[in-house]
Amino acid sequence: MTDIEIARQCKLQRITKIAEKLGVAETDLELYGNYKAKITAKPKAAKNSKLILVTAINPTSAGEGKTTVSIGLADALNIIGAKTCLALREPSLGPVFGIKGGATGGGYSQILPMEDINLHFTGDFHAITSANNLLCALIDNSVFQGNPLNIDSRRIVFNRTLDVNDRALRGVAVNHGVKDATERDEKFNITAACEVMAILSLADDLNDLKTRLGNILVAYTFDGKPVFARDLQAQEAMAILLKDALRPNLVQTIGGTPAFVHCGPFANIAHGCNSVQATKLAMTYAPYTVTEAGFGADLGAEKFLDVKCRMSGLRPNAVVVVATVRALKLNGGADKTALNIEDTEALGKGMCNLLRHVSNIKDVYRLPVIVAINRFTSDTEREIAMIENAVNQLGVQAVDCDVWGKGGQGATALAKKVVKLCNSDNGLFRFAYQDGDDVCDKIRSVASKIYGADGVEFSDKALASLEALSNAADISKMPVVIAKTQYSFSDDPTLLGAPTGFNLHVRDVEYRGGAGFLVVLAGNMLLMPGLPKRPNAVGMTVSDDGVIDGLY
């Protein structure tokens, strides 16, 4: 059966029953029908709650199933008696209708209702898009209405956004042919990469949200002074649009595990984590929380640890690195049409990708780590044993699981080891760089320690941007979010495995004052993805009774 067929055959529990499992009072629920709700309760201190971070190797076309394993592990923890809640990201419509598809898991490890979550859900993405574009309208209107802030239209740095993959929007002209208006160049970012998304993900409450929104850098004046959203008095109106989106969403897994699903920044072009509020709420109500970071550990886990943990005070007690035999064989040069055939040679060559990720978690961040082998039916016992033996050489365990076919029952062995791992946490966690490090040194630290790069090459534009930003604001203590390809440790998507002897190429640096970090653009990474030759949107159908086919 397909993921959609499996999801449709499952009987959902009313969301009020799911909330009861956590101890969430019905008065703290805002219902969106029978199976979705927003939570109005505030997170509280949960000193003994354990946080489990799920990450993965670099993604390939073979798939790794990181979200599927996260969901299956949470269900498995509940099965073995460890009360657990999930905290996951919301899907973006861009990948849903593009090439990646939805982000609700698969098989018998899904969050439900999957069609709602993958589409409009509770409207959070639309609210973010509207708030972002309201600010853009206020900027252009201020220029049109006499330009009281002395904004230089050539130096407007805040972009419009839309939750689609549309490469045509990477460069547009606004005010074209409009009487008495100044025509200028503009571009769109996808909603998952916009600063408002990052702000919502990191905000503690409504007051913090307003402050962060006001700190958005929107432009420079003709004499080079920065202009912020607060100068336009935009933050209150933006907050009005975002006040409901600020509240985390509660849904459920097929196994009945409560799941907070809130915010969805990409990890390759943004910071890649669900909201701080959702993670802390899960930890408020459950002794164990399973959360995930986007794409491979070089992107999602690095940003979870160096950005989200730094800003929130959170830190994981255990990290699970997801790998598949198929993906490791692709990293080792196997033909993608022959992944069902045992190939120990390709597996051995591709193993370095997994080992570097595991070593980074264990040695750079000094966190307890375990490998989850997401098993496919074509995997052989010899291939599974090769992975187990390889990571054992690092003093790390690997456990195979079948969460797609068996749900939580397919990961109980993993769950038991994860519980032990949480209890073995030695409290030695550290960041890859320190707050006081120079910005360029922070980038070099991530490039060398996490990516394995020899060094960093900064373009003239990047150096000029850093100089301009240093004059406009205090960027000295800001963490860095490196936007690069998800397919490689390097900024070259064709360099698979664990490449060495390369430099990271930084072409520009952008300020995200509201979010509180700098975005470092590496290689050819763009903040608005494009559609593939045959997007998922081509071939989808919907019947008269609302049943969708082709959404996955």
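Student: Does R444 count as buried, partly exposed or exposed, and why?

Tutor: First, a caution: this is a predicted model. Now the idea: buried means under 20% relative accessible area, and exposed means over 50%. R444 has a relative accessibility of 38%, so R444 counts as partly exposed.

Student: Which residue does the side chain of R444 meet in a salt bridge?

Tutor: The partner is D441, at 2.9 Å from N to O. D441 is partly exposed too, because its relative accessible area is 37%.

Student: Where do R444 and D441 lie?

Tutor: Both are in helix α17. They sit three residues apart, about one turn of the helix.

Student: How many salt bridges does a search of the whole structure find?

Tutor: The search finds 27. Take E115 with R8: the closest N and O atoms are 2.5 Å apart. E115 lies in helix α5 (residues 114-118) and R8 in helix α1 (residues 3-9), so this pair ties together parts that are 107 residues apart in sequence.

Student: Which residues are linked in a network of salt bridges?

Tutor: E30, K243, D244 and R247 are linked that way. Within this group, the side chains of R247 and D244 meet at 3.8 Å, N to O. R247 counts as partly exposed at 28% relative accessibility. D244 is also partly exposed, with a relative accessible area of 31%.

Student: Now helix packing. What describes two packed helices?

Tutor: Two things: the angle between their axes and the distance between the axes. Apply that to helix α13 (residues 344-364) and helix α17 (residues 439-451). They pack at an angle of about 120°, and their axes are 9 Å apart. Angles of 65 to 115 degrees count as roughly perpendicular and those over 145 as roughly antiparallel. α13 and α17 are therefore oblique to each other.

Student: Which residues of α13 and α17 meet?

Tutor: From α13 come R356, N360 and V364. From α17 come K449, I450 and Y451. By class, the contact has three nonpolar, one polar and two charged residues.

Student: On to strands. Where do the side chains of a regular strand point?

Tutor: They alternate between the two faces of the sheet. Look at strand β15 (residues 258-261). P258 and F260 point one way, while A259 and V261 point the other way. All of these are buried.

Student: Which strands pair with β15, and is the sense parallel or antiparallel?

Tutor: Strand β4 (residues 84-88) pairs with β15 in the parallel sense, over three bridges. Strand β14 (residues 249-253) pairs with β15 in the antiparallel sense, over four bridges. Follow F260 in β15: F260 is the bridge partner of A87. F260 is also the bridge partner of L250.

Student: What do β14 and β15 form, and what is the phi of G256?

Tutor: They form a hairpin, with four residues between the strands. G256 is in the turn and has a positive phi of about 85°.

Student: What is the order of the open sheet of three strands?

Tutor: The order is β7-β12-β13, with antiparallel pairing. The edge strands are β7 (151-156) and β13 (226-228), each pairing on one side only. The twist averages 50° from one strand to the next. Two bridges join β7 to strand β12 (residues 217-221). In β12, A219 is the bridge partner of I156.

Student: Which helix lies across β7 and β12?

Tutor: Helix α6 (residues 124-144) does, running at about 135° to β7.

Student: Last, one residue. Is C309 buried or exposed?

Tutor: Its relative accessibility is 3%, so C309 counts as buried. C309 is found in helix α11 (residues 297-312). Leaving out residues up to four places away in sequence, C309 touches F304, L314, R315, P316 and F431.

Student: How many residues apart are C309 and C136 in sequence, and how far apart are they in space?

Tutor: They are 173 residues apart in sequence. In space they are 30 Å apart, C-alpha to C-alpha.

Notes
Residues numbered from 1 in each chain as written. Predicted model: local features only at pLDDT ≥ 70, side-chain atom pairs only at ≥ 80, totals over all residues. Heavy atoms only, no water. Buried < 20%, exposed > 50% of the residue type's maximum accessible area, 1.4 Å probe, protein only. Contact = heavy atoms within 4.5 Å. Axes fitted to C-alpha atoms, helices over the stretch in contact; angles between N-to-C directions. Parallel < 35°, antiparallel > 145°, perpendicular 65-115°, else oblique. Nonpolar A, V, L, I, M, F, W, Y, C, P; charged D, E, K, R; others polar. Salt bridge = Lys/Arg side-chain N within 4 Å of Asp/Glu carboxyl O. Pairing = 2+ DSSP bridges.
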